[in-house]
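Please look over the model shown here and then read the notes below. They are grouped by topic.

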Amino acid sequence: MKQDSNQDRTQDGTNDGVIVLRDITKRFGGKVVLDNVSLGIEKGKTTVVIGPSGCGKTVLIKHLIVLLRPNLGQVYYRDQRIDNLSERKLNTIRTHYGFLFQGGALFDSLSVTENIIFPIRQHCEITDWAQVEDLVKAKLAMVGLDGFQNSFPANLSGGQRKRVALARAIALNPEVILYDEPTTGLDPIYSDVISELILKLQRELGVTSVVVTHDMTMAYKVADRIIMLHNGKIIADGDADHIHNHPHPIVQQFIKGQVGEDDLAVLRMSGTASQAQFLPRDFQ
Amino acid sequence: MIGAVGAKTIGGVNNIGRFARFVWQSMIASFRSCLSPCTYPLIWTQMHIIGVRSVPVVMITGAFVGMTLAVQAYDQLAGMGLEEHLGVLINISVVKELGPVLAAVMLAGRIGGALTAELGTMNVTEQIDAVRSMGTDPVRYLAAPRVLACLLLTPFLIIFADLMGIIGGYFVSVVVLGINSRAYWNFSASGVELWDVSIGVVKGFFFGVALAAISCYKGFTCKEGARGVGQACTEAFVASFISILALDFALAVIFKSIYNTFWPLKSLV
Ligand SMILES: Nc1ncnc2c1ncn2[C@@H]1O[C@H](COP(=O)(O)OP(=O)(O)OP(=O)(O)O)[C@@H](O)[C@H]1O
Ligand SMILES: [Mg+2]
């Protein structure tokens, strides 16, 4: 599958890194979603994962925090194997992580403030409420939502929910932040704000980030390293320049947003006079 | 054919195993919650939702049970001239069997359905995964307070049902059918013992845990989508209902043998 192994990073050099996936295979039913994937996430760097819709990016990022367990292979966090730990032990490890779900996954019975302080409340005794309020205010201001403290998720727009979820993910200043499509559903301005936020967290707190995205502007802006996933395998791996000039046609199609010849052919064929057209009047 | 039966059996055994593990985990988590005061607010909230708001429906259930028993049993007893014994019949049925069982079934519908739907929706919208991703045990955060609230409050709700059943029976027997009030209460007091009332209330602990654990489990394991949540709710209600009846039978047998061991003579009288 790898056609340019001399240019791409060697995949056996995955021993170094805060989080290491080694030979991960994940199947759902008979369907192989991740096929022998190895990946090391470097400390203090931002790794961007791109790939077509449905290729397994969410499944991959969930393995990094062991929300999903692999069928084969191992996951390491700081050289400790974590994919076989009990949920109880994993919970201790997970406090070092922040995870932004693709759908936000806000608690809809809790207000915005309660959502953001959820991780704080679970792990620390809150004694000084004024301090917590300041923290919530600061985190919300970072995502441009100060003033929404008492709203409920149901009353927010899709993009606002995503930003609250982001504020919740960064609430405890985690060492590793995993973002699943942080800018989907946001306007271009806020997408850029989020990119800046990711860069800021990396610069100032040395956060290790993994960003799943379709947004190439963001990918080029924040990435120290870009990984492309296709059919359950990593087909490209390198810095922004490397991906930009990657010889693989699928990579080029993806980053330029061009439809492939095969898909185009299907489109051209469908809806022509040669095929049956079903219109409402046909059924009357 | 054989393969299909085998697969079903294995699936069923698997399910039971997972359920048993879930019950075990939630028991441990509930026990831990009791020891750590910082989880008390969660339990309070659930107690309010589960317990306080169920009082009216449970009282109405109890009242109708008592009243219906009075109407139905009156003719039989009056035919034998025993209508003054009506109180014993009504009150013992209410406190021992009908009050606890019907109150628990009412709760299975009212609370069980809501619990399954709530947790099921949280499951399909990844909120349970979100709890896990923040390093919190969802069984401890979500299931334990609900199980504890049901465990602690079902017996109280049963007392309310009993009370209203007794009042309802009294109302129909004495006020409507005109039985002598003094005789009614005298026969009741001699026939209904503290033991009868206690076993009805003790059943409440078991019913409460059963319906909460089943509903939470169904919510945690529900399948994707709106249909998955709906199906989980139906299954949760059916399973709770059946296990309430089965538990009632098992407890009746157990309590009877305990009673016979401690008071062997009384049962002969
Ligand atoms: N819980 C699951 N059960 C069964 N199949 C699943 C499950 N989760 C994911 N899959 C399958 O795995 C594949 C990859 O899913 P995934 O959500 O990782 O895609 P993705 O790359 O994140 O796509 P998108 O960009 O649209 O979010 C999909 O084809 C999906 O059908
Ligand atoms: Mg995804």
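Which strands of chain A does helix H5 lie across? Helix H5 (residues 158-169) of chain A lies across E6 and strand E7 (176-180), running at about 170° to E6(A). This is a predicted model, in which local features need pLDDT of at least 70 and side-chain atom pairs count only at pLDDT 80 or more, while totals for chains, interfaces and linings use all residues; side-chain values use heavy atoms, with hydrogens and water left out. Residues are numbered from 1 along each chain as its sequence is written, and chains are lettered from A and ligands numbered from 1 in the order in which they are written.

**Terms**

- Helices (H or I, at least four residues) and strands (E, at least two) are DSSP runs, numbered from the N terminus.
- Two strands pair if DSSP finds at least two bridges between them.
- Contact means heavy atoms within 4.5 Å.
- Axes are lines fitted to C-alpha atoms, for helices over the stretch in contact, and angles run from 0 to 180 degrees between N-to-C directions.
- Buried means under 20% relative accessible area, exposed over 50%, and partly exposed in between (1.4 Å probe, protein chains only).

**The six-stranded sheet of chain A**

- An open sheet with mixed pairing is built from 6 strands of chain A, in the order E6-E7-E8-E3-E9-E10.
- Strand E6 (97-100) and strand E10 (233-238) of chain A each have a single partner strand and stand at the edges, so one side of each has no neighbour in the sheet.
- From one strand to the next, the twist averages 15°.
- Strand E3 (residues 46-50) and strand E8 (residues 208-212) of chain A run parallel and are joined by 4 bridges; A:Thr47 stands opposite A:Val210 in E8(A).
- E3(A) also runs parallel to E9(A), again with 4 bridges, and A:Ile50 stands opposite A:Met228 in E9(A).
- Helix H9 (residues 249-256) of chain A lies across E3, strand E9 (225-230) and E10, at about 110° to E9(A).

**Strand E9 of chain A**

- In E9(A), 6 of the 6 residues are buried, so the strand is largely enclosed by the rest of the structure.
- A:Arg225, A:Ile227 and A:Leu229 point one way from E9(A), and A:Ile226, A:Met228 and A:His230 point the other way.
- In a regular strand the side chains alternate between the two faces of the sheet.
- E9(A) and E10(A) run antiparallel, joined by 5 bridges, with A:Ile226 opposite A:Gly238 in E10(A).
- These two strands form a hairpin with 2 residues between them, and A:Asn231 in the turn has a positive phi of about 50°.

**The four-stranded sheet of chain A**

- A second open sheet has 4 strands in the order E2-E1-E4-E5 (chain A), and its pairing is antiparallel.
- Its edges are strand E2 (31-41) and strand E5 (80-81) of chain A, each with a single partner strand, so one side of each is left without a neighbour in the sheet.
- Strand E1 (residues 19-28) of chain A is joined to E2(A) by 7 bridges, and A:Ile24 stands opposite A:Val37 in E2(A).
- H1(A) lies across E1, E2 and strand E4 (72-77) of chain A, running at about 130° to E1(A).

- The protein donors (N, O and S atoms within 2.8 Å of the metal, or 3.2 Å for Na, K and Ca; water is not among the atoms, so sites may look incomplete) of the magnesium ion (ligand 2) are A:Thr58 (OG1) and A:Gln102 (OE1), lying 1.9 to 2.2 Å from it.
- A:Thr58 lies in helix H1 (residues 57-64) of chain A and A:Gln102 in the loop between E6 and helix H3 (112-123) of chain A, so the pair ties together parts that are 44 residues apart in sequence.
- A:Thr58 is partly exposed, at 22% relative accessibility, and A:Gln102 is also partly exposed, at 36%.

**Positive phi in loops of chain A**

- Most residues other than glycine have a negative phi, and most peptide bonds are trans.
- A:Asp79 has a phi near 65°; A:Asp79 lies in the loop between E4 and E5 of chain A and is exposed, with a relative accessible area of 65%.

**Two helices of chain B**

- Helix H3 (residues 55-79) and helix H6 (residues 138-176) of chain B pack at an angle of about 35°, with their axes 6 Å apart.
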